[in-house]
Amino acid sequence: MTLQIGIAGITGRMGQLLSEEVAAAGAVVAGGIGRSGDAEALFSASEVVIDFTNALTAERHAELAARTGRPLVMGSSGLSPAQEAAVAAAARSVPIVYAANFAPGVNLLFALAERMAAALPPEQYDAEIVEMHHRQKVDAPSGTAIGLGRAVARGRGRTLEEVGMESGRDGHTGPRGTGPIGFATLRGGQVVGEHTLLFAAGSEHISLTHRSFDRRVYATGAVRAAQWVIVQPPGLYDMKHVLGMA
Ligand SMILES: NC(=O)C1=CN([C@@H]2O[C@H](COP(=O)(O)OP(=O)(O)OC[C@H]3O[C@@H](n4cnc5c(N)ncnc54)[C@H](OP(=O)(O)O)[C@@H]3O)[C@@H](O)[C@H]2O)C=CC1
Ligand SMILES: O=C(O)C1=N[C@H](C(=O)O)C[C@H](O)C1
């Protein structure tokens, strides 16, 4: 049977590409909604739903996935801790892939970030994350930047909340703290997505950069995640699970 995939956010930058990538993968677009669409009807008509909307809508869709028993692939970013907790609660009754970034290269970057952070002591190496996106992006720092921050903190045996984030530096900030991860956000033009992780010590710097040139890389990854998630038991998954990197 051909997989019936619903698309939440079908009129958006990602949604339009998703329609093409669903067809390219030999699946069928079961339906799609923008902000005026009927989400209940979309979930009923679909075997799996892919959501690229916004934080508030994505939280509602996670709850709807749990209520209808339809697996969900979620790419929306900018979720608050409470919204992420709601997604995790929904994933107790339905499988959900919630990924900050569906590009394979970024998921390799997450793994490398963790390894580098484990090797570079925070007393000597300050971790800074710089991201740039198109002028339409509404959330900051990007979900991927936060994901990188979490990977660095994990490598140092802590959580991001424990190590702390230094973002939006302006005015008399005082000296940089030892341990917190710095975040800088650039917005402009039509940049698809750029992320740099820098470890800065007194006598050396080491950095890793990922650049996306085409957001189709996210759409391809999300469709792959949809094909993967339909046969998983309930749980909260990430792209590393889909890619076999967990
Ligand atoms: N994880 C990843 O790899 C990636 C994540 N993203 C994230 O995906 C999200 C979408 O990005 P992008 O496509 O660029 O954004 P767009 O603004 O281009 O698209 C947003 C889509 O969401 C729809 N929408 C808004 N409100 C609702 C609602 N209440 N119910 C249903 N649909 C709604 C819009 O519909 P309408 O046209 O009617 O307004 C539109 O189709 C963002 O959070 C972005 O950060 C983006 C790229 C990659
Ligand atoms: O809004 C975008 O465009 C993107 N959002 C995601 C994020 O917040 O990290 C992923 C990608 O960088 C593009």
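**Reading the model step by step**

Author: The domain assignment divides the protein into domain 1 (4-102 + 215-242) and domain 2 (104-212), and such bounds come from an automatic or database domain assignment. This is a predicted model, in which local features need pLDDT of at least 70 and side-chain atom pairs count only at pLDDT 80 or more, while totals for chains, interfaces and linings use all residues. Residues are numbered from 1 along each chain as its sequence is written, and chains are lettered from A and ligands numbered from 1 in the order in which they are written.

Reader: How far apart do the C-alpha centres of domain 1 and domain 2 lie, and how many residues does the contact take from each?

Author: The C-alpha centres of domain 1 and domain 2 are 26 Å apart. Nine residues from domain 1 and 12 residues from domain 2 make up the contact, where two residues are in contact if their C-beta atoms, placed from the backbone, lie within 7 Å. On the side of domain 1 that touches domain 2, the elements giving two or more residues are H8 and helix H9 (239-242); helices (H or I, at least four residues) and strands (E, at least two) are DSSP runs, numbered from the N terminus. The residues of that side of domain 1 divide into three nonpolar, four polar and two charged, with Ala, Val, Leu, Ile, Met, Phe, Trp, Tyr, Cys and Pro counted as nonpolar, Asp, Glu, Lys and Arg as charged, and the others, Gly among them, as polar.

Reader: Which residues does UniProt list for the N-terminal and C-terminal features?

Author: UniProt positions are given in the numbering used here, with shortened feature names, and annotations may be inferred rather than shown by experiment. In an unreviewed entry, UniProt lists "domain: Dihydrodipicolinate reductase N-terminal" at residues 4-102, and over these residues the chain is 43% helix and 22% strand, with end C-alpha atoms 20 Å apart. The feature "domain: Dihydrodipicolinate reductase C-terminal", also from an unreviewed entry, is placed by UniProt at residues 105-243, where the chain is 36% helix and 27% strand and the end C-alpha atoms are 11 Å apart.

Reader: How many residues does the largest nonpolar core have, and which have the most contacts inside it?

Author: A nonpolar core is a set of buried Ala, Val, Leu, Ile, Met, Phe, Trp, Tyr and Cys residues joined through C-beta atoms within 7 Å. A residue is buried if 20 or more other C-beta atoms lie within 10 Å of its own, exposed if 12 or fewer, and partly exposed in between, the C-beta atoms being placed from the backbone. Here the largest nonpolar core has 67 residues, and those with the most contacts inside it are Leu18, Ala65, Val73, Ile96, Val97, Ala222 and Ala225. Helix H8 (residues 216-229) gives the most to this core, namely eight residues. Because domain 1 and domain 2 both give residues to this core, it lies between them. Leaving aside neighbours within four places in sequence, isoleucine 96 has contacts that include Ala62, Ala65, Leu236 and Tyr237.

Reader: Are glycine 143 and threonine 144 buried or partly exposed?

Author: Glycine 143 is partly exposed, because 19 other C-beta atoms lie within 10 Å, whereas threonine 144 is buried, with 25. Glycine 143 has its place in helix H6 (residues 143-155), and threonine 144 is in helix H6 too. The UniProt annotation "binding site", from an unreviewed entry, covers His134, Gly143 and Thr144. Not counting residues up to four places away in sequence, glycine 143 touches Ser77, Gly78, Ala100 and Asn101.
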